[in-house]
Amino acid sequence: MVQSEVFTFRSSNGVNDIHCHMWIPEGTILGVIQLVHGVAEYIERYEAFVAFMAEQGFLVAGDDHLGHGQSIRDDSELGWFGEENGWSYLVQDEKKLLDILREKYDGVPFVLFGHSMGSFIARTYLGWYPGDYDCCILSGTGYHAPLVCKAGKMLAQREIKAHGSKYRSKRLQNVAFGGYLKGIENPIGENDWICRDKEVVRRYDADPKCSFTPTAGLMRDMMTGLDIICRSSHMVKMDKEMPVLFIAGDADPVGNYGKGVQKTAERFRQAGMADVSVNLYPGARHEVLNELNKEEVWDDVLGWLEDVLALP
């Protein structure tokens with residue numbers, strides 16, 4: 001029987017209360033998975049996966065980021081991290097959540113699991129606070145060249161100067177996500193790239209906590225984060241002995257159809273990371289945890305954790 005617990009903590013910005021959800025297994029806890037969600041979604045979207053992991057003995061916990069889910073104070077904050085330092089707040093909030101979890105469950109392995117933008121947050125964390133986790137799983141990540149990051153940040157800053165940081169810029173959204181439908185025949189909507197399961201896409205499209213246009217401030221902050229994680233000077237600070245698993249679909253445009261995932265994994269190895277694995281799933285799109293072959297992905301994640309953590 002999996003227990004569910006909800007709690008909040010004060011964000012590192014000193015203003016927002018961060019909504020957290022924790023799934024607790026019955027019996028012995030084998031490890032703690034800290035799940036970091038992506039842009040334009042929220043932690044409860046992972047309930048099926050985390051319930052599976054909890055049934056296997058893993059406690060899973062995650063929060064709604066600033067500007068997401070139940071961590072906003074009003075609708076104007078949806079898709080907005082802050083006037084400044086937004087990316088830093090996101091990473092520091094994950095540190096605060098880790099401290100809360102360690103106080104209660106220290107003595108078991110801790111796993112950092114980041115999906116999409118959450119993988120970018122996780123990759124930032126690994127360079128800022130090396131040694132905090134026993135292993136890391138990066139889902140739906142990608143490679144972004146420094147010049148692309150700088151150009152994107154400059155474009156976002158122009159929109160902010162003209163309209164303010166809470167401006168919902170269709171122009172920025174099109175630049176960031178507009179090409180993701182290429183190669184998909186007969187898409188049912190603009191978010192068809194996230195998954196082959198049409199019901200998952202329909203629920204996403206119908207959910208106001210997912211289907212919003214991100215603010216110019218968010219786009220600036222995310223480009224700031226991407227600029228950080230693409231730098232070799234950041235990557236070499238990571239804990240070299242920590243195992244890392246990349247999971248992605250080879251039809252995911254965020255990871256450049258597998259090429260960006262493989263390139264990022266290779267850059268991890270070049271930075272000295274000793275144990276880097278990549279699982280690419282044929283035909284799968286961005287949200288591999290929700291894909292048509294999701295049970296295969298879940299089993300692979302569980303098997304990898306059992307192996308690298310030497311679980312009984």
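The model is predicted, so local features need pLDDT of at least 70 and side-chain atom pairs count only at pLDDT 80 or more, while totals for chains, interfaces and linings use all residues. Residues are numbered from 1 along each chain as its sequence is written, and side-chain values use heavy atoms, with hydrogens and water left out.

**Stop 1: the largest pocket**

Select Q173, A176, F177, Y180 and W193, which lie nearest the centre of the largest pocket; its lining holds 44 residues. A pocket here is an open set of points on a 1 Å grid over the protein atoms alone, with protein on both sides within 12 Å along at least five of seven lines; lining residues have an atom within 4 Å of a point. The volume of this pocket is about 880 Å³, where a volume is the space filled by probe spheres set on the points, and grid points are joined across faces, edges and corners.

Next, colour α3 (117–128), α4 (146–163), α5 (170–177) and α7 (216–229), each of which supplies at least two lining residues. The largest share, 7 residues, comes from α5. Helices are DSSP runs (H or I, at least four residues), numbered from the N terminus. By class, the lining has 28 nonpolar, 12 polar and 4 charged residues. Ala, Val, Leu, Ile, Met, Phe, Trp, Tyr, Cys and Pro count as nonpolar, Asp, Glu, Lys and Arg as charged, and the others, Gly among them, as polar.

**Stop 2: the second largest pocket**

Select Y42, R45, D197, V200, R203, Y204, D207, C210, N290 and K294 to show the lining of the second largest pocket. About 190 Å³ of space lies there. Helix α6 (residues 198–206) gives the most to this lining, with 3 residues. The lining divides into 4 nonpolar, 1 polar and 5 charged residues.

**Stop 3: the cavities**

A cavity is a set of grid points where a 1.4 Å probe fits but cannot get out. The count comes to 3 cavities of 30 Å³ or more.

For the largest cavity, select E41, R45, Y46, H115, S139, E287, V288, L289 and N290. This cavity has a volume of about 50 Å³.

For the second largest cavity, of about 40 Å³, select R123, G142, Y143, H144, L226, I229, C230, T264 and R267. Two or more of these lining residues come from each of α7 and α9 (259–270). By class, they are 4 nonpolar, 3 polar and 2 charged.
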